[in-house]
Amino acid sequence: MVTVRCPDCGAEVELPEGVKSGDLVECPNCAGHALRVRAAGGRWVATLAHRVSCPTCGMQVALPEDAEAGDVIECCGRQYRLTFEYGAFAAEDV
């Protein structure tokens, strides 16, 4: 069993068979947190993967690792600008 430590809650999270570096994995202990896993130096490490809900369809959109407030993302054929407040991203109409 291959595991990675959640950087938020510290739990060991089992990685699914066939996981690849860069994949997103859910932490079963952290409500709604996704972990971006990477193979590094012969072991697996995880960082939190920020996500936002699309204002139009409600789908969860995983943001790139370098996402910043002010960046523009697309979903449902529309563009949304990212905001960042209280430790979380949100998407607003451009």
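At 13% relative accessibility, F89 counts as buried, where buried means under 20% relative accessible area, exposed over 50% and partly exposed in between (1.4 Å probe, protein chains only). F84, with 40% relative accessibility, counts as partly exposed. The model is a predicted one, in which local features need pLDDT of at least 70, side-chain atom pairs count only at pLDDT 80 or more, and totals for chains, interfaces and linings use all residues. Residues are numbered from 1 along each chain as its sequence is written, and side-chain values use heavy atoms, with hydrogens and water left out.

F84 and F89 also belong together as a pair of rings. Rings of Phe, Tyr and Trp (its six-membered ring) are taken to pair if their centres lie within 6.5 Å, with planes under 30 degrees apart counted as stacked, over 60 as edge-to-face and the rest as tilted. By this rule the count comes to one aromatic pair. That pair is formed by F84 and F89, edge-to-face, with 4.7 Å from centre to centre and 65° between the planes.

Strand β9 (residues 78-85) and strand β10 (residues 88-93) run antiparallel and are joined by six bridges; two strands are said to pair if DSSP finds at least two bridges between them. E85 has A88 of β10 as its bridge partner. Two residues lie between the strands of this hairpin, and Y86 takes a positive phi near 55°.

Zooming out, the chain holds zero helices and ten strands, both being DSSP runs numbered from the N terminus (helices H or I, at least four residues; strands E, at least two). Along the sequence the pattern reads β-β-β-β-β-β-β-β-β-β. The C-alpha atoms fill a box of roughly 45 × 25 × 25 Å, taken along the principal axes. Of the 94 residues, 29% count as buried. The chain exposes about 6000 Å², and carbon and sulfur atoms supply 48% of that area, as computed by the Shrake-Rupley method with a 1.4 Å probe, where for residues only the protein chains shown count as cover.

Strand β3 (residues 24-26) pairs with β4 (residues 34-40) in the antiparallel sense over three bridges, and V25 has L35 of β4 as its bridge partner. On to strand β5 (residues 43-49), β4 pairs in the antiparallel sense over seven bridges. Here R36 is bridged to T47 of β5, while A39 stands opposite W44. β4 and β5 form a hairpin with two residues between them, and G41 in the turn has a positive phi of about 60°.

R38 is found in strand β4 too. With 29% relative accessibility, R38 counts as partly exposed. Leaving aside neighbours within four places in sequence, R38 is in contact (heavy atoms within 4.5 Å) with S21, G22, R43, W44, V45 and E65. R38 and V19 are 19 residues apart in sequence and 9.4 Å apart in space, C-alpha to C-alpha. For the chain, among contacts between residues at least 6 apart in sequence, 22% join residues at least 24 apart.
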